[in-house]
Amino acid sequence: MHKLILKAGREKSLKRRHPWVFSGAMAKVQGSPGPGETVGVWSATGEFLAVAAYSPESQIVARVWDWKDRAIDAAYFQERIQRAVVQRRGLLDGTSTDGMRLVNGESDGLPGVVADRYGDTIVVQLSSAGADRWREAIADALLEAGGAKRVWERSDADVRELEGLPPVTAALRGPREPTRIAVTENGIRFSVDLEHGHKTGFYLDQRDNRRRLREFARGRDVLDGFCYTGGFALNAAAGGAKSVTAVDSSADAIALARANADTNKLAQPEWMEGDVFLLLRKFRDQARSFDLIVLDPPKFAPTAAHAEKASRAYKDINLLAFKLLRPGGLLVTFSCSGGVSADLFQKIIAGAALDAGVDARITERLGPGADHPMALNFPEGDYLKGLICRVPDK
Ligand code: SAH
């Protein structure tokens, strides 16, 4: 096996089972591994540390497949994917839900591999050179273990560029059609556009939080900022909201959201195509107010390097939202930025409330569902954090 040898003393993070080797920690490579090929990772003193996928173009020059010295082959992917599926068994029993994350990358011991199941279709996203190299084995294993009839690939995330990989959208197993399918989440059917939808097509990580919102939407005037295909907006409608206003900058997303409301025979929210940053200002100037505001923006800070600019953006929209809330109103606010820690996010929200002049309280903390586990040794996996804040009654 090819060998990747670390600089002296740079084995510490691997020994704590953090699965990435940064290029700065690498001393040399013995052999001539190609992108995605398996290498053994060794310390400068000749201690074996892990088997990993080599990615010469990336700053993350290797990602660990296993901590013991073993062959990485089709059987390996069968085993790991089977394990991920078994760990999720029973998770959604008793709910009317057929959408679930089956593989959550590093946290399931499969760096660069994300797989979401929507009914009979699994959508896989391969975002590292190692994952890309094992495409066929991964597709077979998903089909075998994942309880679906076909496997689609949506490997078009920007991060692939950093690995020197081109974007790929394709049917891997089973028929290419239909490209528009449905997923049911707690009884609500959502259309998923396999070709053009965001990420794998739907944001499964917000499932439990959407249901939570449904529980307290009754009788309230609700604003859903960044609504995408209507995840929160339709749960608010299903929960008996008095009115629902939902905003997104994507006309395609709103078209799907509107169709989703019809499919589920829910009252049509007021859909608005536009920029939340501008619309919140417009609502302020119009003195419009709400009882419940959801803010689930795209990730403003992919890495910690973007944290400062992202902080300003989060503060801006949350400050405006606090101002639009009526007494006793609730703000349900999220960040899915890996570069913004839970601690920093809470500080940003505190600053927003302070500047808005409201003495708000955190009443709940939210995260992704149990099908999105996070390995304790992999803090980079901690991306989605949410807070519910209540502003005082009059
Ligand atoms: N809450 C949604 C997911 C939101 S994803 C759900 O439950 O499914 C973030 C969304 O924000 C995307 O649909 C994107 O089109 C939209 N978006 C990005 N920037 C925006 C902006 N400045 N104003 C309004 N929408 C924006």
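Me: Arg210, buried or exposed?
Reply: This is a predicted model, and in it Arg210 has a relative accessible area of 4%. Buried means under 20%, so Arg210 counts as buried.

Me: Which helix is Arg210 in?
Reply: Arg210 belongs to helix 6, which covers residues 207-215.

Me: Which residues come nearest to the ligand?
Reply: There are 17 residues around the ligand, and those that come nearest are Arg210, Asp248, Asp275, Val276 and Asp296.

Me: Take Asp248 and Asp275. Which ligand atoms do their side chains face, oxygen or nitrogen?
Reply: For Asp248, a polar side-chain atom is 2.6 Å from an oxygen atom of the ligand. For Asp275, an N or O atom of the side chain is 3.0 Å from a nitrogen atom of the ligand.

Me: Which elements give two or more residues to that shell?
Reply: Helix 7 (231-238) and helix 9 (276-285) do.

Me: How does the shell split by class?
Reply: The shell around the ligand has 8 nonpolar, 5 polar and 4 charged residues.

Me: Changing topic. What volume does the second largest pocket have?
Reply: The volume of the second largest pocket is about 250 Å³.

Me: What lines it, and which residues lie nearest the centre?
Reply: The lining of the second largest pocket has 17 residues, with Trp67, Arg80, Arg83, Glu106 and Gly109 nearest the centre. By class, this lining holds 7 nonpolar, 4 polar and 6 charged residues.

Me: One more residue, Asn104. Where is it found, and is it buried or exposed?
Reply: Asn104 is in strand 7, residues 99-104. Its relative accessible area is 12%, and the cut-off for buried is under 20%, so Asn104 is buried.

Me: How far apart are Asn104 and Ala375, in sequence and in space?
Reply: Asn104 and Ala375 are 271 residues apart in sequence, and their C-alpha atoms are 9.8 Å apart in space.

How values were computed
Residues numbered from 1 in each chain as written. Predicted model: local features only at pLDDT ≥ 70, side-chain atom pairs only at ≥ 80, totals over all residues. Heavy atoms only, no water. Near = heavy atom within 4 Å. Polar contact = N/O pair within 3.5 Å; in protein donor to acceptor, adjacent residues only side chain to side chain. Helix = DSSP H or I, 4+ residues; strand = E, 2+ residues; numbered from the N terminus. Nonpolar A, V, L, I, M, F, W, Y, C, P; charged D, E, K, R; others polar. 1 Å grid on protein atoms, 1.4 Å probe; cavity = no way out; pocket = protein on both sides within 12 Å on 5 of 7 lines; lining within 4 Å. Points joined across faces, edges and corners; volume = space filled by probe spheres on them. Buried < 20%, exposed > 50% of the residue type's maximum accessible area, 1.4 Å probe, protein only.
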